[in-house]
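I opened the notebook to record what I looked up in this structure. Entries follow in the order I made them.

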Amino acid sequence: MEYYLEGDDEEILAPASPCSQYMNSSVLSLSIIAVLETSVPIEDDDSVILSEIRDVFLPINPRFSSIMVTGKNGEKNWKPVKVNVEDHLKVPIFPDGKPLEFYDNCLSEYLTKIAMDPFPETRPLWEIHIFRYPTSNAAGNCIFKLHHSLGDGYSLMGALLSCLKRADNTALPLTFPGREGSGKKQGKNSNAVAKAFKAVPRFLSGVIDTVTDFSWSFLKSSLIDDEKTAIHSQDDGVEFRPISVTTMAFSLYHLKQIKSSLNVTINDVISGILTYGTRLYMQETDRETCNAECTALVLFNTRAIGGYKSVSEMIKPNSEMPWGNRFTFLPFAIPKLRDGESSNPLRFIYNAHRMVKRQRNSASVYLTSQLLEFSRKLRGPEATAQYIRGTLRNTSFTTTNMIGPVEETTLVNYPVKGMYFAVAGAPQSLSVTMVSYVGKLRLAIVTEKDFIDGKKLKSCIESAFDEIFRLALKSSPPRPPSA
């Protein structure tokens, strides 16, 4: 997706960031699809929505009114253009008066369609789709399709939140869950000598972990592919195949119960549930390959996030929480299923806990981001994009998560009852994205259509949660919340 400057087109241009160039290259083009579910029907009047786009959405960031262009020397920049908002608002038409199951399928097929449709090169890289028909989960759906070159999940979530208001009091700001850790903090008067003795082996261990993790990450990106399994076909061109989106939800209260019982973090809990559920799906689908070498790719935001900043603060020079694509990744091996007493699924959570703890003591994630920058300067953004694509292609699935508001919100006075997001265009057959909202953690399972059974995988993840909850709390698992 490249638009070349011609003649005297070069005017006031804003340089595209390195990550923006990676995400919009000849070998990699990723989009984020964010879905806001409303609890009341969306009226058949586009004027209010168009006005909101002009007055609220477009001014959020200059990139929403720009296209990416390629200069004579191959450099990429953002070029401001005049935006006709009517071109960016899409409203699909389906037969009226059908059952909810019919519209569930219509929404699923529509998400598949817009995920595959490329953006026009001569327009800014975003669209808003209004699905006015009732489904099993909502009375209506507002769908944002945003190209990943516009920003990462943090930036784009901040942009979407700029369009939302608190339902209970529009004058109050949105609030977000606090960051939670695990384990006990040491007292201020801990023995200094003891700390020094502990620091030496921790430093040496960190050096070893850094070398090991970084070397393995580099090999996964360039040479070592996961084995062929029920979730990883090893095929080229997976990013051009249709996808299917299946959603599910977990109660944050129940996840916190497991967290407290096992003395880990919520991220550890959900990672353990996902990896164990994935192994169960692999076992049910193809027992011969269910314990094959399988790697998950975890995406990390490189900002020290404690909450969202306003977009006006993000775009300031030298902002603490700047706009843009600021992330790195870490591959980690998924534990294998075992027979007998050693099959305890809680070890999937403890494995995730050890992996994150090890990552905090390792500079591998930092070195990976530095490697991308070094590659860009030495070989150019296209070669770096190829490296990122190789990382995605050689791993079995990707997982990432975002935090959402604690309170219920409204979008143009329509109450938002739920939200989720998905990433399209990745050379993988499976990805799982998560966002918290009003006491729930919503998962979107993005699968390659006709290769992975999304509903079956969802059922296996639910079974994984039930088993883990039962073992962690010694009680029957609760009924899952509606997706």
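**Entry 1: Lys 113 and the chain**

I started at Lys 113, which I found in helix α3. The model is a predicted one, and I kept that in mind throughout. Buried or exposed, or in between: where does Lys 113 fall? I read a relative accessible area of 46% for Lys 113, so I logged it as partly exposed.

Next I took the totals. I noted 12 helices and 17 strands in the protein chain. The chain has 483 residues, and 52% of them count as buried. I also checked contacts between residues at least 6 apart in sequence: 78% of them join residues at least 24 apart.

**Entry 2: the seven-stranded sheet**

I traced an open sheet of seven strands. I wrote its order as β6-β7-β8-β3-β15-β14-β9, and the pairing is mixed. Which strands stand at the edges? They are β6 (89–90) and β9 (164–166). Each has a single partner strand, so one side of each has no neighbour in the sheet.

I followed β6 to its partner. β6 pairs with β7 (residues 126–131) in the parallel sense, over two bridges. Lys 90 has His 129 of β7 as its bridge partner. Helix α3 (residues 100–116) packs on this sheet. I listed its contacts as β3 (31–38), β6, β7, β8 (140–147) and β15 (414–424). The direction of α3 makes about 10° with that of β8.

**Entry 3: strand β3**

I stayed with β3 for a while. How many of the residues of β3 are buried? I counted eight of the eight, so β3 is largely enclosed by the rest of the structure. I sorted the side chains by direction. Ser 31, Ile 33, Val 35 and Glu 37 point one way. Ile 32, Ala 34, Leu 36 and Thr 38 point the other way, and all of these residues are buried.

Then I checked the two neighbours. β3 pairs with β8 in the antiparallel sense over eight bridges. On that side I noted Lys 145 of β8 as the bridge partner of Ile 33. β3 also pairs with β15, again antiparallel and over eight bridges. There I found Ser 31 opposite Ala 424.

**Entry 4: aromatic rings**

I searched the whole structure for aromatic pairs and got 11. Phe 102 and Tyr 103 form one that is edge-to-face, at 5.3 Å centre to centre and 80° between the planes. I compared their accessibility. Phe 102 is partly exposed at 30%, whereas Tyr 103 is buried at 3%.

I turned to Phe 131 and Tyr 133. Their ring centres are 5.6 Å apart and their planes are at 70°, so I logged this pair as edge-to-face. Planes over 60 degrees apart count that way. Phe 131 is buried, with a relative accessible area of 0%. Tyr 133 is buried too, at 10%. Which residues do the ring pairs link into a cluster? I wrote down Phe 94, Phe 102, Tyr 103, Phe 131 and Tyr 133.

I also looked for charges over rings. The charged end of Lys 98 sits over the ring of Phe 102, 5.8 Å from its centre. Lys 145 lies over the face of Phe 119, at 4.6 Å from the ring centre.

**Entry 5: α10 against α11**

I took the helix pair α10 (residues 364–379) and α11 (residues 381–394) next. They pack at about 140°, with axes 7 Å apart. From α10 I listed Leu 371, Leu 372, Ser 375, Arg 376 and Arg 379 in the contact. From α11 I listed Pro 381, Ala 383, Thr 384, Tyr 387 and Ile 388. By class, I recorded six nonpolar, two polar and two charged residues.

**Entry 6: positive phi**

Last, I looked at backbone angles. Most residues other than glycine have a negative phi. Val 412 has a positive phi of about 50°. I placed Val 412 in the loop between β14 (409–411) and β15. Asp 450 also has a positive phi, about 70°. Asp 450 is in the loop between β17 (440–448) and α12 (454–473). I logged Asp 450 as exposed, with a relative accessible area of 80%.

Methods: Residues numbered from 1 in each chain as written. Heavy atoms only, no water. Pairing = 2+ DSSP bridges. Helix = DSSP H or I, 4+ residues; strand = E, 2+ residues; numbered from the N terminus. Contact = heavy atoms within 4.5 Å. Axes fitted to C-alpha atoms, helices over the stretch in contact; angles between N-to-C directions. Phe/Tyr/Trp six-rings, centres within 6.5 Å; stacked < 30°, edge-to-face > 60°. Buried < 20%, exposed > 50% of the residue type's maximum accessible area, 1.4 Å probe, protein only. Lys NZ or Arg CZ within 6 Å of the ring centre and 35° of its normal. Nonpolar A, V, L, I, M, F, W, Y, C, P; charged D, E, K, R; others polar.
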